[in-house]
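Here is a briefing on one protein model. It covers a helix, a sheet and the domain layout.

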Amino acid sequence: MSFDRVNYDPKFKPVKGIYEDRLRQFISKGGDYRDLNLPKFYDKQRIVLDQNHVKLTWYQVPFESGSSPVSPDKRPSWESIIKADKNNELKFQNASINQPFGPSWSTTWFKVELNIPQDWVDSGEQLIFQFDCSNEGVVIDPNTLNPQTAFSGNGERTEYLLPKQKNGQYSFYIETGNNGMFGCGEGSTINPPDNNRYFHLQKAAIVWPDWNARGLYIDFWMLGDAARELPDDSWQKNRARTIANKCMDLFDPMDRASVLKCREYIHSEYFDKFSDDDQVYSQGDPNIFTTVYGIGNCHIDTAWLWPFAETRRKIVRSWSSQCTLMDEYPEYQFVASQAQQFKWLLEDHPDFFNKVLVPKVQQSQFFPIGGSWVENDTNIPSGESLARQFFLGQRFFLKYFGIKSDVFWLPDTFGYSSQIPQLCKLSGIDKFLTQKLSWNNINSFPHSTFNWAGIDGSQLLTHMPPGNTYTADSHFGDVLRTSRQNKSSEFYGAGLMLYGKGDGGGGPTREMLEKMRRIRSMSNRNGNVIPKLQVGTNVDGFYQDVLKRTNNGNDLPTWCGELYFEFHRGTYTSQAQTKRLMRLSEVKLHDVEWLATKASILCPDSFKYPVEKLSELWENTLLCQFHDVLPGSCIEIVYKYEAIPMLQKVVNECDNLLEHIQTVLKGNTESSLTVSTLSWQENLGSNVQAPIVPNIEESTDNYTISNGVLNVSVNKNLGTITSIKDINTGTEYIDIENGRNKNGANQFVIFDDKPLSWQAWDTELYSVNQFKYLTDIEEVKVLPTTDGVCGIEVIVKVSEDCKIRTKITLPTDKAKLDETTVDITTTVENWNARNKFLKVEFPVNIRNDTASYETQFGIMKRPTHYNTSWDVAKFEVCHHKFADYSEYTKGVSILNNCKYGFSTHGNLMRLSLLRSPKAPDAHADMGTHEIKYSIYPHKGQLSYKTVRLAHELNYNQKFRISKEFGSQFNNIIRIIGDENVILSNIKRGEDDVIINSPYALKPENTNSMVVRVYESLGGESHAKLITNLPLQRVVKVDNLELEVLEEVNFSKTPSNDDFNIPITLRAFEIASYKFIF
């Protein structure tokens, strides 16, 4: 063909913006041109609910107004409903389109009977049942009682691919929960739920789809995204736009055959030949670096905008859908965390668990991951709780799947403790994944792939998906963002893309898997300006590739210390009652295990270690540490009907066990002594001294309490502590001359608390300067001296119907004078504020650049200034039993029994007490609260004395045992040496045959005791464990009690039968020793 000499047909250059915008018309299901574009051909035929071809009847499970929405009768078993229906005990009624079902949190059952037209059946094509009741549902086979797939409602996941049957007859059930994927929030998903919400039946139909039209929909969608989102200077972008527009020109809305022509055209021009096949991931240039690895997941919040009871159903809905997808897509791999969720599935649907899910695990398509009991908060749980999260989680995975996870999977929690790396390494985990720091609202976290080192030096290979989400829709843009936003590309250029509907469950869809095949196909054909996406490589394969390309991780940058989350700082304080019960549950479980371990050794014939009950109590405690429950960001029914009753039950059952153990240890003798569960004060029956006589002096302005060590002055007008002075040295610990608080210590202050969003979660920087001191004092009076204390009571008016009673006391026990604390019990009566934050301040005569805060098994130091934006971000931080602010010569510790929020800036220490957010729980923290805290003024810097006093404030219960057990009881385990080494916990070995643990993995005919110790202040230390047990062997073990880390030498004391076990701990080390006897 020759070039024309004369131009009779001039051409224009397409206007890029117009031609790109045009592309949206072709696949739009709305707008003016739907019937002139591809959506016209999505279905060949459709029959909507007609009670003939599509018969749908319904049954409403009774739901009495005002009753508990989480009681078992609201969610009866599948077996009970189907059995009752087969016995004609239930009345199913005809359903109709737009019919409402409800109310919120109730259950509606549907019975579906389909009669497919014969010509549809004869076509041999895949047919669909489409269902959308705006709520969540699951298809149940009436014969096997196994789930087939799930429905998410409101247009999301609405199709059930019908198994092919020659007679075209189908019958099955659908159980629906009357809540959306994100609960029943009124107006916004994170608002308090509308408990009288109804859900309407939008769709119930059988569909004969045009699979070519649906395939072209995916083809064109991805092609159009390439045309819009690739770099302007790439030929791939311009060619995609050209091909997509020619496809639209080729399409004829009056001719269904044009659909196939369009598919063939764009496939020939822009895709490789494997775009509809799992083989697409093995094609293309192998020398092109893979920059995106797709991993399916369906993050299911164990409770959030819905209760635990509903999560049990979300699990089976979500995971059954994924197992179905695995049959259709061989490349598909899916991860799920949280052993608790697997246990619920095993309890509720054992056949599905054993016959469907376990085989998928064995086939390497379904991957249990994470290693923890739940995706827990890591700020607030105690060190022992974090250890047990991994202990029970990993042992569950080993017991039921024969594997343990080497990745701590925690995509969505509100900050990461500096002891997580060490606890992970002790639990067989050396990798970590999260993405939540992408939500930081002040500083951008600088890494995507890095080594995270804890305060003891233990490190985890860590990845934060560059797409900044764990719920990617597998859009073209998701792949681009994962590739382009990698902050560590100079070290490692690839990232994980976590795709699948999440938070409320759901998981990946067929559409997502199809989109990813097309994206890879386009990359194979057009080069890596379209990122090379890999599906079919598991999480372990990704991390192994990181190690391979980074010199085993040695080339990666390191982040040391906590991963502080610059957001959701209000979660250290929200839902105070739950946090109080959590602290108490942890203390009680510690005490039970301490006493039960010793009782089972001393009285083996009359007392059996209650391992099954302890496992149950720990499971429930760990469940309530889920990252929305314990932080305080769930809806009201989670706390009212589940978490608070559950934790109260843990406390009550622990008390029952403690009472029983004491009965065993008292025996029949009347002679008894008092013991503690703290190693440094176990035997309290000796060295009792008479209390000193307290002295309270009154002056014009102050009451001054003295116990011979401290003078504590309380202002009679303000009710604050204006002076704490060491009588011997004259050292003043309170500063009311400088800083913004010139009123004194124990000054209550109310801050305005209106965050930009996320009420229960957030407290914002601007609130720091929007406050009011509570100075309306109703009464300041001297308390009668009782129980070895003397003090002052102050009554502070908050509002007309809310007041604070605070009792300030000094101990008068001579044995405690060397460690005198100012003890304060504060009762907030009828807290009923709206968007206010109550704190208590302590202006102190201290100056330092950092303050120390107890964390799990150690301390964190944080700035007391605002030098950088990273310092500013820590205007509110998390702590445990104490915060300490010290100079070289003196310091002040604030101890507490149930609080977690704190701040120290300038000369001001501030303990957070109560919040009052109104969403998602409109009644959060309303009511009366009692808080105990102490001021400990001390000489020198932070020492073991603060650590011990904080323990004593919390582990304060004393126990009576027979004197005949006295020395034996104490001598089962003792510790001497450096006093910063804390003997934290003891328990029986989990695999001892004699205790018969449900989590035993390799039962051994031995008797053993596990002893946990830790170094508390940050320095290499030496100590000696002493026991009177007839030792055969001592080993240092991992947190799972499965791996021997070290054989430990021990020796017998010549003068008695004790054995000495010398130990050395590095700074902040957590160590577990197994005594075999």
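Helix α10 is mostly covered: 16 of its 19 residues are buried (under 20% relative accessible area, with exposed over 50% and partly exposed in between; 1.4 Å probe, protein chains only). This is a predicted model: local features need pLDDT of at least 70, side-chain atom pairs count only at pLDDT 80 or more, and totals for chains, interfaces and linings use all residues. Residues are numbered from 1 along each chain as its sequence is written, and side-chain values use heavy atoms, without hydrogens and water.

**Helix α10**
- Helices are DSSP runs of H or I with at least four residues, strands are runs of E with at least two, and both are numbered from the N terminus.
- α10 covers residues 383–401, and its end C-alpha atoms are 27 Å apart.
- Gly-402 follows α10 and has a positive phi, near 75°.

**Five-stranded sheet**
- The sheet is open, with mixed pairing and the order β16-β17-β19-β18-β22.
- Its edge strands, β16 (407–409) and β22 (558–560), each pair on one side only; pairing requires at least two DSSP bridges between two strands.
- β18 (residues 449–453) runs parallel to β22, and three bridges join them.
- Asn-451 stands opposite Thr-558 in β22.

**Domains**
- The domain assignment, automatic or from a database, gives domain 1 (16–36 + 213–270), domain 2 (41–209), domain 3 (292–560), domain 4 (748–955) and domain 5 (971–1076).
- Domain 1 and domain 5 have C-alpha centres 68 Å apart.

Terms used:
Expected span 1.5 Å × (residues − 1).
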